[in-house]
Each structure stands twice: as C-alpha cells, then as structure tokens.
Amino acid sequence: MKNKILTAVNALMLIVPWTILPLRSFDWALKSPVAEIMISCYAAFMIFSGVFTLLSYVKAKVQNNVMKVCLIINGLYAIGGVCAFAMMANTYFTK
C-alpha cells in the first residue's frame, strides 16, 4: 500500500512543473516581481520533488519501473531548479 501511494505521489509530481506554461500566458505573470516569485516557487518545488523521489526510492525502497522513470525525470527537474536558482542568484549579485 505504501509503495502504491508513494508511486502515485511521485507520478503526480511529474505533472506539476508543466502547469507553469498556461500560467505564463497571462500578462500579469510576465511582469517583474510576479515572474521571479513564480519561477522561484516552481524551482523550489522541482528541487523538493527530486529529493522526495530520491528518498522514496532509496530509503523507502519503492523500486518499481514507474519509480525509476519518476526518479530520472524528477532528478532532471531538480537539476533544472538548481540551475534556475543559480541563474537568478547570478543576476542578483552582478547588478
């Protein structure tokens, strides 16, 4: 039961980062303070989902095929989130 719940949660975490695309179609989402906050929140969620998936796979030993796919994709999302934070920090400190 625990395996199925963790697998479902991790599979749902694959979809959430893609919800930024419809949000960015609005004019208010492209303006300066909102854009940085939105990207920061999505990057933080992507890092969290990568760490959560890794912990589910290693510590909870949920090691089925769906979790392997989730681990790879959420790991890439986490790397992308770290890169997004690094680019924002670089922009902030070079002004």
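## Handedness and the model

A crossing of two helices is called left-handed if the near helix is turned anticlockwise from the far one by less than a right angle, and right-handed if it is turned clockwise. Helices here are DSSP runs of H or I with at least four residues, numbered from the N terminus.

The model is predicted, and local features need pLDDT of at least 70, side-chain atom pairs count only at pLDDT 80 or more, while totals for chains, interfaces and linings use all residues. Residues are numbered from 1 along each chain as its sequence is written, and side-chain values use heavy atoms, with hydrogens and water left out.

## Helix α1 against helix α3

In a left-handed crossing, α1 passes α3. The axes (lines fitted to C-alpha atoms, for helices over the stretch in contact, with angles from 0 to 180 degrees between N-to-C directions) of α1 and of α3, which spans residues 32-58, come within 10 Å and cross at roughly 155 degrees. Because angles over 145 degrees count as roughly antiparallel, α1 is roughly antiparallel to α3.

On the α1 side, Leu 6, Val 9 and Asn 10 meet Phe 52, Thr 53 and Ser 56 of α3, where contact means heavy atoms within 4.5 Å. Sorted by class, this contact has three nonpolar, three polar and no charged residues; Ala, Val, Leu, Ile, Met, Phe, Trp, Tyr, Cys and Pro count as nonpolar, Asp, Glu, Lys and Arg as charged, and the others, Gly among them, as polar.

## Helix α1 against helix α4

Helix α1, residues 2-12, also packs with helix α4, residues 65-93, at an angle of about 35 degrees, and their axes are 10 Å apart. The crossing of α1 and α4 is left-handed. From α1, the residues that make the contact are Leu 6, Thr 7, Asn 10 and Ala 11, and from α4 they are Val 66, Met 67, Cys 70 and Asn 74. By class, the contact of α1 with α4 has five nonpolar, three polar and no charged residues.

Thr 7 has its place in helix α1, and with a relative accessible area of 11% Thr 7 is buried (under 20%, with a 1.4 Å probe and protein chains only). A polar atom of the Thr 7 side chain lies 2.7 Å from the backbone oxygen of Asn 3. If its neighbours within four places in sequence are left aside, Thr 7 is in contact with Val 62, Asn 64, Val 66 and Met 67.

Lys 61 lies in the loop between α3 and α4, and with a relative accessible area of 59% Lys 61 is exposed (over 50%). The phi angle of Lys 61 is near 55 degrees, which is a positive value in a residue other than glycine.

Methods
Helices (H or I, at least four residues) and strands (E, at least two) are DSSP runs, numbered from the N terminus. Angles under 35 degrees count as roughly parallel, over 145 as roughly antiparallel, 65 to 115 as roughly perpendicular and the rest as oblique. A polar contact is a pair of N or O atoms within 3.5 Å; within protein, one must be able to donate a hydrogen and the other to accept it, and residues adjacent in sequence count only if both atoms are side-chain atoms.
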